Amino acid sequence: MIETLLPEEVRAGEAFGADGSAVLHPEEAVLVAAATEERREEFTTVRGCARRALAALGLPPTPVLPGKRNVPQWPAGVVGSMTHCAGYRAAVLARDTDLVAVGIDAEPDLPLPRGVLESIALPQELVWARTPVTGAARLCRDRLLFSAKEAVYKTWYPLVGTELDFDDAALSFRTDEHLPAGGPRRGTFRARVLRPGTAPDGRPVTEFTGRWLAERGLVVTAIAVPARRAA
Ligand SMILES: CC(C)(COP(=O)(O)OP(=O)(O)OC[C@H]1O[C@@H](n2cnc3c(N)ncnc32)[C@H](O)[C@@H]1OP(=O)(O)O)[C@@H](O)C(=O)NCCC(=O)NCCS
């Protein structure tokens, strides 16, 4: 599912429930030794996803440990992102010669808890998110907005290395037309970043474009930032 939102150079692993065959490295296991069973399971399953993505890139199954501000630490030359929510876990990876950053997020396609939308949305986003979408294209716009902002953060932070608040990015969405009734709904989004930031290659980071998908009771968002190619 997640691969359909990302360029072909990206490798992904995903799971729609617990993966009993996923195993932690000892240095990973110690991090969740005192965690709840639920946290241990998602942490383990998503690392199983990451190891499948590493294998698809031709890389060994190294541990995936949290770094500064919990950013997952990938092998040299690799960028990636991970997400987990009820009923879904995914990891995506790419060579840094193809992408300079990638960020993904998944959420249940359900309304946000009361009060959350107001705390994450800019005025224009609030108007859009409060417009209900019914019929074949039914979708919880508030949850899509939240997921896309999380994907923005997961792309931004490893790339720029500074914090980004919910009101630091202004999002707008498009929905693909002519989708078959009852099938997945999908589209694109644009995030204008309202705070200055610079990528390690010196590029100013002012906006991201992403893709979204609503399917199987989930809302999934993904952003990929291409590497600058030599002319
Ligand atoms: C860190 C955060 C983005 C995680 O999102 P989430 O929806 O709660 O959780 P998900 O399951 O989708 O993702 C969790 C994974 O994100 C990754 N992650 C955590 N911190 C990260 C960071 N700073 N940068 C990139 N990825 C990060 C980790 O891989 C983590 O999985 P793990 O703990 O098993 O290693 C979120 O908790 C957060 O702090 N948000 C506030 C900042 C923000 O979103 N600002 C909006 C800007 S527009």
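How far apart do the end C-alpha atoms of residues 27-94 lie, and what percentage of the span is helix and what percentage strand? In this predicted model, select residues 27-94: the end C-alpha atoms lie 24 Å apart, and the span is 34% helix and 22% strand. An unreviewed UniProt entry annotates residues 27-94 as "domain: 4'-phosphopantetheinyl transferase N-terminal".

Next, select helix H2, residues 37-56, and find Glu-41 within it. The Glu-41 side chain makes a polar contact, at 2.7 Å, with the side chain of Thr-45. Beyond its neighbours within four places in sequence, Glu-41 is in contact with Gly-17, Ala-18, Asp-19 and Arg-89.

Now turn to the largest pocket, which holds about 600 Å³ of space. Select Asn-70, Pro-72, Met-82, His-84 and Lys-154, the closest to its centre of the 23 lining residues. At least two lining residues come from each of H2, strand E2 (78-85), strand E4 (99-108) and helix H5 (141-160). Helix H5 gives the most, with 6 residues. By class, this lining comprises 11 nonpolar, 5 polar and 7 charged residues.

Finally, move to the second largest pocket, with a volume of about 310 Å³. Of its 20 lining residues, select the closest to the centre: Val-71, Val-79, Val-100, Pro-158 and Leu-159. E2, E4 and H5 each supply at least two residues of this lining, and H5 again gives the most, here 5 residues. The lining of the second largest pocket divides into 13 nonpolar, 4 polar and 3 charged residues.

Definitions and conventions: Residues are numbered from 1 along each chain as its sequence is written. This is a predicted model: local features need pLDDT of at least 70, side-chain atom pairs count only at pLDDT 80 or more; totals for chains, interfaces and linings use all residues. Side-chain values use heavy atoms; hydrogens and water are left out. Helices (H or I, at least four residues) and strands (E, at least two) are DSSP runs, numbered from the N terminus. A polar contact is a pair of N or O atoms within 3.5 Å; within protein, one must be able to donate a hydrogen and the other to accept it, and residues adjacent in sequence count only if both atoms are side-chain atoms. Contact means heavy atoms within 4.5 Å. UniProt positions are given in the numbering used here, feature names are shortened, and annotations may be inferred rather than shown by experiment. On a 1 Å grid over the protein atoms alone, a cavity is a set of points where a 1.4 Å probe fits but cannot get out, and a pocket is an open set with protein on both sides within 12 Å along at least five of seven lines; lining residues have an atom within 4 Å of a point. Grid points are joined across faces, edges and corners, and a volume is the space filled by probe spheres set on the points. Ala, Val, Leu, Ile, Met, Phe, Trp, Tyr, Cys and Pro count as nonpolar, Asp, Glu, Lys and Arg as charged, and the others, Gly among them, as polar.
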